[in-house]
Amino acid sequence: MSLLRCHSFPVPLSPTRHHKRLPCPRLHLFATRSRPSSALPSLSKSLHRHPFRCSSMSVQEDTATSQLQDSLLHSRAYWVNKSLIAWNVDIEDGSCFLYASKCALLAVTDDGIKGYDVKIKLERAGGPLPANVIEKFPHIKDCGAFGLPPALDAKSLLKCQLAVAIFRSDGRCCDATGLQLPGVLDELFAYTGPLGAVFSEEAISLYLWAPTAQTVQAFLYREPLGGDPFEIVALEEAEGVWTAQAPKDWEGCYYVYEICVYHWTTLQVEKCYANDPYSRGLSSDGRRTLLVNLNSEALKPEEWDKLADKKPCIKCCADISIYELHIRDFSANDGTVPPDVRGGYEAFSLQESAGVQHLKKLSDAGITHVHLLPTFQFAGVDDEKEKWKFVDVKKLEELPPDSDEQQFQITAIQNEDGYNWGYNPVLWGVPKGSYASNPNGPSRTVEFRRMVQALNKIGLRVVMDVVYNHLHASGPFDENSILDKIVPGYYLRRNADGFIEHSTCINNTASEHFMVERLILDDLLCWAVDYKVDGFRFDLMGHIMKRTMLRAKAALHGLSKERDGVDGSCVYIYGEGWDFGEVAKNGRGINASQFNLCGTGIGSFNDRIRDAILGGSPFGHPLQQGFATGLYLQRNGHDHGTQAKEKLMLALSKDHIQVGMAANSRDYVFTNHEGNEVKGSEVLTYDGSPVAYALCPTETVNYVSAHDNETLFDIVSLKTPMPISVDERCRMNHLATSIIALSQGVPFFHCGDELLRSKSLDRDSYNSGDWFNRLDFTYSDNNWGVGLPPKEKNEKNWPLIKPRLADPSFKPQKSNILASVDNFLNVLRIRYSSPLFRLRTANAIQERIRFLNTGPSQIPGVIVMSIEDGHEGVPGLTQLDPIYSYIVLVINACPSEVSFASLALQAKALQLHPVQVMSTDEVVKSSSFEASSGCFTIPARTTSVFVEPRNV
């Protein structure tokens, strides 16, 4: 996910059918009491004037008195453990008190706090906060510490509305605020026992972690929709966990929790209605949790329990290559798939469909994993297909290729159709219902399992895209809010004023909190064990703590076939290690950013090689060129500076690419464009950051294209000069994918890179419908020129886009698409023809890989990489490849043929790789090597691979 996909979500500020105000009886639990007073009307009105979602919100009032009255809207103090509260405030000679109200009746006046049940004097502790507190909450390191009485009944107080206030020596209240509670909740209520619905031979047990709740009930329903509950069960609490027993014959029924809890966003005790956070099934409207036993034999496809023994073989994670795919994209436009199956899980089980046949080709050539965009329960697409709206495709097809009418019609229904990427998490542990034939009952479970089984059958392991960094909704009102109803304020990361952080787009989660991390780990294990998912891609992984990622890896790798039915050692995890927002520079603890993950074996996307190959960045000028898009070699008219500057930019881009081709190894030493020997970490990006950050090849996921931003063909079409031919653009497209395919590290491809896929230059198609996201596995059309892309994210580029879409010469023909598919399959075959393309350690890369054509006298736009193998029985390098002893890769990004000679390669018995000799690409077949001079001749925009067979 990129920040390009951020958008606003409405936050209801009035009760719905899932929310009720709670009349609260007085409970006499406390030693110190005051006469209760009603909540101030101004407090409620002020709350509704100022929505809480924006992290930059401030409450502005005309007078100090009204500001003080509204001070409880903020939560600027932190209850960090049972004995300490942290607050960044100076009390001087004043005093500080903690207040609690069971019925949420606290109000602030100049005279003090009214409506409390208990009042406790806090003592200012000398010195800084304890080291363990600062380690967990580094952002509050400068706060002062206030001590609590040792005998305090903290567990009871945590069910109340809480506030702290400061009084001057004259007794007047000068400041007050609410509290953030995750620290003390973790200390007092961290829990490792069962959660969710647990099935036994005799009964079903319900477990819900809700330590701040006052009461919890479960409403049971026979049907997924409508009707009254046939049973209401009161859960009992012990140490923050609420439990109940149900008869076994309730399996297949539905339930929803009613939680009576104080909610910090309304300053009220609320009755909230929510699904179980550990739901494993749902009703079609997503409002009820299905009591489903994933171990039931009825939910297992034939031979499901034997699947671990039939998984495609992976000897090492360095052998992985990944193909990213959206479930709906895969078959929504596939005429070989029955209409009632298109766009869902079951389409993957149709072995003869055009889409599955294409996946078989990729698998046969070497792709090992299919990465599926979000498949958990997300918002934005109704699971009940009969509610979807559609456009008239035939009418859209009649419109001009540069018309704005297509996008107008698509966006008019974009929130009511069947399309969304799915980065709107509601429940992490349930398969998305809209992809199932029946969103009620267990169909989604069975069909998801069949999909995994079918993909494994054709040689492809399955990666699941997980979005643990944020939630779609929060608060007590939103129907898609779950976690923030059950333990308000705990699961989400909050800023210094107490409002939710939104740097991920919305509702950032806080994996630094114990039970958030636990939910993430439990969820991963569920997908790995119960659905036999083979890998996980973490969206905005940098917003998750490194500790969480390490524990996730340990938990997954600890799975065994004998005990769990899964070989966890083969599960690969990777993600977006971007470092921004409140977590940047370890602002909330050591986060899972690119630089922090080195040495862990966890992969992160390499944006450096992407930007160097394509030019600029997704956030820069769209016409900025790169190595493969004509920088210096074929100018597009954009002002890149002087010719000398352009040449330097090209040389720097080449250095970045070479570091990436060496698996972005931090310590890899090579000769840079200046002729100096440097480490990968000494090569710097435009902002001064090191290019390289990895300590082993599997820590780098190399890519040029993903679901975010324009497709590869679109970005090539945008950045290259308008007059060049579509054939030339197709060769640039292939040149870019060939660099990724033949680099060390884990290669990653966006579905359609090989098909010249276009989204009509849409840079963010997350909600652009089937129309702009169409795939054609018959290779007849690449979806170029289907109208101007949606206005919301693309309008500022319409002046650049419109003339390109209007020009018929930009659109590839079927012959171009077929050639692109063949060339892509060939570079995959080459990658898997030798283990030398998949070295397993940084040391092996340093020993075996050299870059030629370096230094100040290099030929611009040409990369030459050699890979050396040892010989059996000969001291030195060990032999890895029984077929080839030496490989040379030559990448020519120039618009004309080039020759490059190396004295070091004279007398080498190098010949064009057999795959390229047999290629249908006549251009690459004209590549040559002359042993006597050590000279290569490479056609324009071509990647050529030469090998030295051992039998020569």
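## Ground rules

Because this is a predicted model, local features need pLDDT of at least 70 and side-chain atom pairs count only at pLDDT 80 or more, while totals for chains, interfaces and linings use all residues. Residues are numbered from 1 along each chain as its sequence is written, and side-chain values use heavy atoms, with hydrogens and water left out.

Helices (DSSP runs of H or I, at least four residues) and strands (runs of E, at least two) are numbered from the N terminus.

## Salt bridges

Let's start with charged pairs. A salt bridge here is a side-chain nitrogen of Lys or Arg within 4 Å of a carboxyl oxygen of Asp or Glu. How many salt bridges does that rule give? The count comes to 48. One of them joins the side chains of Arg493 and Glu582, with N to O at 3.0 Å. Arg493 sits in the loop between α11 (483–486) and α12 (514–530), and Glu582 in the loop between β27 (572–575) and β28 (603–606), so this pair ties together parts that are 89 residues apart in sequence. Are Arg493 and Glu582 buried or exposed? Both are buried; the label means under 20% relative accessible area, with exposed being over 50% and partly exposed in between (1.4 Å probe, protein chains only).

## A pair within a helix, and a network

Asp522 and Arg518 also form a salt bridge, and their closest N and O atoms are 2.7 Å apart. They are four residues apart in helix α12, which puts about one helical turn between them. An α-helix has 3.6 residues a turn, so residues three or four places apart point the same way. Arg518 is buried, at 13% relative accessible area.

Salt bridges can be chained together as well: Asp465, Arg537, Asp539 and Glu576 are linked in a network of them.

Now for the sheets. Five strands make an open, antiparallel sheet, in the order β33-β34-β35-β40-β37; two strands pair if DSSP finds at least two bridges between them. Which strands are at the edges? They are β33 (849–852) and β37 (911–912), each pairing on one side only. β37 pairs with β40 (residues 942–949) in the antiparallel sense, over two bridges, and Leu912 has Phe946 in β40 as its bridge partner.

Helix α18 (residues 726–741) packs on this sheet, touching β35 (884–892) and β40, and its direction makes about 45° with that of β40. Contact means heavy atoms within 4.5 Å, and the angle is taken between N-to-C directions, from 0 to 180 degrees, of lines fitted to C-alpha atoms (for helices, over the stretch in contact). Of the 16 residues of α18, 14 are buried, so the helix is largely enclosed by the rest of the structure.

His913 is buried, with a relative accessible area of 1%. Setting aside neighbours within four places in sequence, His913 is in contact with Ile830, Ser833, Tyr884, Val945, Phe946 and Val947.

Ser809 lies in the loop between α21 (798–806) and α22 (814–831). At 39% relative accessibility, Ser809 counts as partly exposed. Ser809 and Ile724 are 85 residues apart in sequence, yet 9.3 Å apart in space, C-alpha to C-alpha.

## The four-stranded sheet

A second open sheet has four strands in the order β12-β13-β17-β16, again with antiparallel pairing. Its edge strands are β12 (196–199) and β16 (236–238), each pairing on one side only. On average, neighbouring strands of this sheet are turned by 30° against each other, direction ignored.

Strand β13 (residues 203–209) and β17 pair over seven bridges, and Leu206 has Ala244 in β17 as its bridge partner. β16 and β17 (residues 241–247) pair over three bridges. These two strands, β16 and β17, form a hairpin with two residues between them, and Glu239 in the turn has a positive phi of about 55°.
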